[in-house]
Each structure stands twice: as C-alpha cells, then as structure tokens.
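Please read the points below alongside the coordinates.

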Amino acid sequence: MYVARLDRPWEDTPFLFQGFFVESAEQVEQLKHYCMHVYIDPLRKYDANWHERMTMRGMRNLRPAAGAASGKVEEWRTHAGEERYPIQCTLEDEAPAARQAHETAQEAMQEVVLALKRGDDFALSQVRTAVTGMVESVVRNPNALMWLTRMKDVDTYTYGHAVDVCAYLLAFGRHLGLPQPDLQVLGLGGLLLDIGKVTLPLPLLQKRGRLSEAEFETVRGHVAAGVAILKRTEGMPQRVLDIAEHHHERIDGSGYPHGLEGARLSLFARMAAIVDSFDAMSSARPYRSAVSPHEGLRMLYQWRDRLYHKGLVEQFIECLGIYPVGSLVELSTGEVAIVLTQNRFRQLKPRLVLVLDHDKNPYGTMDVLDLIDDPLDADGDPVEIARSLEPGMYGIEPRDYYL
C-alpha cells in the first residue's frame, strides 16, 4: 500500500518521504507508534524498478528519530509539477535562454517604470512577452532562472525585486503543477505586484534607518496606488489585480491594506505573500543586510500557519530545496561551495560548485560536486553539507559566480 497522508504533520515523524510504499513490518510498527490512522492511495502502483534504483542509492523510508524535531522538511515526494513538467535540459544548456529571458524582463520593467514616471500608461503586451519567455525557461528547467535570480548584480529595488518575485512565483507554480495559463498570470502578477512603489519618493525607498509611523503609512499606500495603475491598464487580468492588492495580507488578519484573514485570500495571493517576503528577506536592502536563502526559508517555516498558509510554505520549501540554488554552504570537509542545482529526489544532496578548499583558499577551477553520487572524504566518510553560510562569509559573494 502507498501511504499518502498521515493524521499528523510529516515533519513531526521520523518518516523520510512524504508518501511511500509500505514494504516492511518495521514501517507498520513505526506508523502505529506515531499515528492513530493514515490515508492510503489505492491508485498508486508499486514500481519495482524505481524501488531498485532508490535502494541502490542507499535510500530508506525512515530517517533517525532525532531528525524529526530538527525542523527539516522531508527529502522527497512525488510532485504534480514533476509529472506535468519534467526537466527538459541541463542548467548549463538552459542558461543562455534563461539569461535572455531575465534580461528581457528587466528591460520590460525599466520601460514600465519610465513610462509611469512620465505620466504615461505602459504597454501590457511588452510585459506579457517578457513573462512568456520566463515561463518557457522555467518549464524547461527552473534551476537556470533560479541561479540567475540569486547571482544577478544588485539592481534597483523597483524592478529588480519584481523580476525576482516573478521567477520565484513561476518556479513555485511549476512545482505545484499549475497549467501554463496560470503560470502566465502568476508571472505577470509577480512583475507588477509592487508597481505602485514608482509613486513613492526615492529617498523614502532608500532610507537606511527605521521608518517612522507616518513614513510606513506612506509606503503602505503603494498597494492602492499600484491597484489604481493596473485597473486603468487595458486587458489587465483580474487575478493580477488580486495579487497586487493582497500580497501584503497575512492569514491571521495582521496584514494590510484590508486586514483580510486566510479564508478570504486567493491561492495566488497567498503564494505571492510567501514569495514576496522570501525575496525581501534574502535580498540586501538599504536598511539591512540579506539573510541566507536557507535562513529565509527557516523564518517562513517558523511563521507558517500564523502569517502564511502552512501547506503552501511547506510546498515552497520543497520547491526551492532545503538549501536553495545560489546558497553558500560549508561542507563536512571544510570546503565552501555554492548550490548549483537541486537533486530531484534528494534535496539534502544538491549539485555544488566548489569555491574554497578546506583551508579556505580559493580553488583555481570551478569544480562541480554532486552529492547524489555519495562522495567520500579522505577518511572514507560521506561528504555532507555541514551548515548554511550567510552571503559574504569567507569573502565569498555568490553573485560573483554569475553564469
């Protein structure tokens, strides 16, 4: 039988996979110990070939019980997005198209900002074209656009943040298996959700100190300003307006501008709230430094079911991986690396670019290490990620390794 759901959160149990086939009496005893009941999926058929491949890689359906309280998300599950959108090419092959799509989106947003500052309306067709290129790239391989998003040079907040949010929302929607018309709407919403900030004074956006209450109220006004701009734009989808109006709402009603609670917020608005917050936390701002992507996800997880929809937070973490693309990490060997791509089945074993040796000296070449191959160190012990590092640790800025 295939266990599809438990009667308690997966992260509170020692089960490695969110969804697995029962293959032993030990698993049944573990289920009896942790659960009163479970849900099975009678349509899932046992795949002996898959089981053999996973067994050869040393995978098991149980992880040590000590890991249950660590807050780590499960390493594998079958995603609707992976069934709808299989990876079509490598990151290296997709990088040129992803770079072009990223640049096109930046240029489109620059044109939007310039038009609005002149008092003109912007061309929605240009923004749609930009989103289409990003959708196509994410569908082929989301890792390439994620890499560019993390590695890009620092841009102005107005359109740099918009392109980032667009990329993350598209990857998130792909992960959930949403059809491409929905991805198009999500991408458009990501690019335009903060468009009202073009009406704010630049010194206010660039202020380094804490905002006063009056200044914060002025910043809050960007939501209404943005909705007004989008409403007068011919052909603007209603769901894009919904994203722009509600991406600062929180499911406990503590958000703005309307203080709406979770049941009144759409799926896309909830997704946008998560992505917008994650990118804001993991990007440098005039008033504070960026946190690592790993820390940003940890903070979202801490606030799940209070500020953000719990299930969507967990799905977003699965989408990006425990150590998202572009993360700076230190290995058990002492080497320092940047996460290059996620491994589909083992998110604790990503593909890495080695940048510093165990003495923290730069490598002369950018060698790639794939932890899915279970590499061993000089003592014969498995090489693992020991910890996530904040950007700038050991003098390494991940964006210096732009493809």
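This is a predicted model: local features need pLDDT of at least 70, side-chain atom pairs count only at pLDDT 80 or more; totals for chains, interfaces and linings use all residues.

1. Asp182 is a buried residue, its relative accessible area being 16%, and its side chain forms a salt bridge with that of Arg239 at 3.0 Å, N to O. The pair links distant parts of the chain, since Asp182 belongs to helix 8 (residues 180-192) and Arg239 to helix 12, 57 residues apart. Arg239, at 38% relative accessibility, counts as partly exposed.

2. A salt bridge also brings together the side chains of Arg232 and Asp121, with an N to O distance of 3.0 Å. Arg232 sits in the loop between helix 11 (222-231) and helix 12, whereas Asp121 sits in the loop between helix 4 (91-117) and helix 5 (124-140), so this pair ties together parts that are 111 residues apart in sequence. Arg232 is partly exposed, at 46% relative accessibility.

3. Within helix 10 (residues 213-220), Glu217 and Arg220 are three residues apart and therefore separated by about one helical turn; their side chains meet in a salt bridge of 3.3 Å, N to O. Glu217 is partly exposed at 41% relative accessible area, and Arg220 is likewise partly exposed, at 29%. The search of the whole structure finds 13 salt bridges.

4. His246, which is found in helix 12 (residues 238-246), is buried, with a relative accessible area of 12%. Apart from neighbours within four places in sequence, His246 is in contact with His258, Leu260, Leu265 and Ala269.

Note on methods: Residues are numbered from 1 along each chain as its sequence is written. Side-chain values use heavy atoms; hydrogens and water are left out. Helices (H or I, at least four residues) and strands (E, at least two) are DSSP runs, numbered from the N terminus. Buried means under 20% relative accessible area, exposed over 50%, partly exposed in between (1.4 Å probe, protein chains only). Contact means heavy atoms within 4.5 Å. A salt bridge is a side-chain nitrogen of Lys or Arg within 4 Å of a carboxyl oxygen of Asp or Glu.
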